[in-house]
Amino acid sequence: MGFLSSLCSCLEKRRKSGSADVGAEADDKEDGLFFELRSLQIATNFFSDLNQLGHGGFGPVYKGLMPNGQEVAVKKLSLDSRQGIKEFTNEVKLLLKIQHKNLVILFGCCVDGPAKMLVYEYLPNKSLDCFLFAKEKSPSLDWTKRFQIVTGIARGLLYLHEEAPVRIIHRDIKASNILLDEQLNPKISDFGLARLFPEDGTHVNTFKISGTYGYMAPEYALHGYLSVKADVFSFGVLLLEIISGRKSSDRRLDPQKADLLIYAWELFQERRTLELVDSSLENYDADEAAMCIQLGLLCCQPTVSDRPDMNSVNLTLSSDSFTLPRPGKPATQGRVSRWTTDSSSALTKNTTTTNTTTTNASSTLTGATNATSSTKAFGGNSFVEDYSRNSISYSSMDEGR
Ligand SMILES: Nc1ncnc2c1ncn2[C@@H]1O[C@H](COP(=O)(O)OP(=O)(O)OP(=O)(O)O)[C@@H](O)[C@H]1O
């Protein structure tokens with residue numbers, strides 16, 4: 001926030017002094033943070049190829065250096081947003097109020113004729129996929145870091161869904177939309193961009209409604225039915241990718257392993273869940289890993305109401321003791337599934353603190369129905385599988401997860 005606060009104090013000075021020359025970064029005449037095209041041209045070396053960080057569905061992204069030394073990422077919106085300047089800037093003003101430590105900071109925008117740009121904080125470590133799927137970088141992601149990344153993304157999504165000034169459904173949660181700061185803390189990017197490209201009834205916004213293959217909830221992909229649970233589905237896929245260190249779909253693998261969701265589900269059914277964990281991890285917390293995999297599968301249930309909401313996900317990730325329902329078979333992308341609009345949570349938090357307690361799991365389950373029960377111990381932790389109740393209880397003997 002250093003740049004933002006210095007920018008605000010700069011604008012404040014400008015108001016007080018009445019001077020028009022206190023730094024060319026931004027113009028506050030519309031009561032927001034508006035950058036002049038000229039200052040962004042200079043910052044990005046006239047949008048040179050050398051400054052280009054990449055090119056996404058919205059257009060190219062450039063690294064920029066502002067006169068005060070602050071690095072920024074400038075996203076040139078090349079799509080037709082179908083919005084007038086006033087509507088566009090109103091949306092940007094709204095997005096400026098959406099602030100959380102697990103979201104990329106939006107500094108402001110630039111509108112110049114047809115050109116529209118968004119200016120973000122620059123994150124030097126790029127995106128999670130660059131670490132997760134690159135063998136030379138993945139060693140930086142040990143178990144503790146992966147679990148922190150998972151919890152950070154979950155907190156950011158909870159904020160977008162339930163705590164932000166306006167509810168935001170991201171629609172495109174995936175590894176390349178999770179940027180990492182210097183300490184590899186996760187920050188969700190591209191949130192709220194769907195608001196800048198609204199559908200108008202006659203036009204289907206094919207680029208974002210189609211999200212990204214491999215992460216999309218079936219009801220959204222097939223029917224355009226959008227709810228926060230579409231993000232929960234994508235989060236589940238991402239969670240399984242983070243634990244396994246592989247992409248949701250990898251045709252180079254054996255056919256039975258190619259689809260991550262199906263493979264994870266089959267391992268879970270055969271009680272070989274931990275075989276999914278990234279083999280490059282030398283150490284990991286087996287209890288946390290088993291819980292994360294089960295949680296990921298629950299998030300990817302075909303029936304919307306069987307998926308937890310982000311509040312339940314966060315409670316599960318931060319609790320020492322809880323019961324998770326047994327997941328049914330996850331949805332596979334692009335396959336038609338029965339879905340409902342019920343948004344009730346499928347998770348039940350267990351408030352007991354003993355390490356072997358199984359409690360009722362009030363859930364709407366489609367999973368296994370074996371009438372047996374077993375206890376497994378992993379180091380200092382244990383979980384109880386209660387197949388008669390279709391649930392698994394996790395309890396930790398460690399304090400302060
Ligand atoms: N704030 C930022 N700091 C550093 N790099 C960034 C920033 N924002 C985007 N990038 C990089 O720019 C590239 C393009 O990002 P962008 O978000 O536009 O596309 P994407 O996530 O790859 O695809 P899509 O638009 O389909 O989500 C990515 O490599 C990303 O890592």
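This is a predicted model: local features need pLDDT of at least 70, side-chain atom pairs count only at pLDDT 80 or more; totals for chains, interfaces and linings use all residues.

Tutor: From α9, the contact uses F233, V237, L240, E241 and S244. From α11, L260, L261 and A264 take part. By class, the contact holds six nonpolar residues, one polar and one charged.

Now set a second pair beside that one. Helix α12 (residues 286-299) packs with helix α13 (residues 310-318) at an angle of about 175°. Their axes lie 11 Å apart. An angle over 145 counts as roughly antiparallel, so α12 is roughly antiparallel to α13. On the α12 side, M291, C292, L295 and C299 make the contact. They meet V313, T316 and L317 of α13. Here the division is six nonpolar, one polar and no charged.

Helix α3 runs over residues 85-96. Its 12 residues should span 16 Å at 1.5 Å a residue, and the end C-alpha atoms are 16 Å apart, so the two values agree. Buried in α3 are F88, T89, E91, V92, L95 and L96. Down the helix axis, these buried residues fall within an arc of 155°, so they line one face of α3. The general rule is that an α-helix has 3.6 residues a turn, so residues three or four places apart point the same way. The cover over the buried residues of α3 includes strands β2 (34-35), β5 (71-77), β6 (106-112) and β7 (115-121). Helix α6 (193-196) is also part of that cover.

From V92, go to L180. The two are 88 residues apart in sequence, and their C-alpha atoms are 23 Å apart. L180 sits in strand β8 (residues 178-180). Its relative accessibility is 0%, so L180 counts as buried. Beyond four places in sequence, L180 touches L123, P124, N125, K126, S127, L128, F131, I149, N185 and P186.

Last, the whole chain. It has 13 helices and 13 strands. Of its 401 residues, 57% are buried. Among contacts between residues at least 6 apart in sequence, 66% join residues at least 24 apart.

How values were computed
Residues are numbered from 1 along each chain as its sequence is written. Side-chain values use heavy atoms; hydrogens and water are left out. Helices (H or I, at least four residues) and strands (E, at least two) are DSSP runs, numbered from the N terminus. The expected span of a helix is 1.5 Å times one less than its number of residues. Buried means under 20% relative accessible area, exposed over 50%, partly exposed in between (1.4 Å probe, protein chains only). The arc is that of the directions from the helix axis to the C-beta atoms. Contact means heavy atoms within 4.5 Å. Axes are lines fitted to C-alpha atoms, for helices over the stretch in contact, and angles run from 0 to 180 degrees between N-to-C directions. Angles under 35 degrees count as roughly parallel, over 145 as roughly antiparallel, 65 to 115 as roughly perpendicular and the rest as oblique. Ala, Val, Leu, Ile, Met, Phe, Trp, Tyr, Cys and Pro count as nonpolar, Asp, Glu, Lys and Arg as charged, and the others, Gly among them, as polar.
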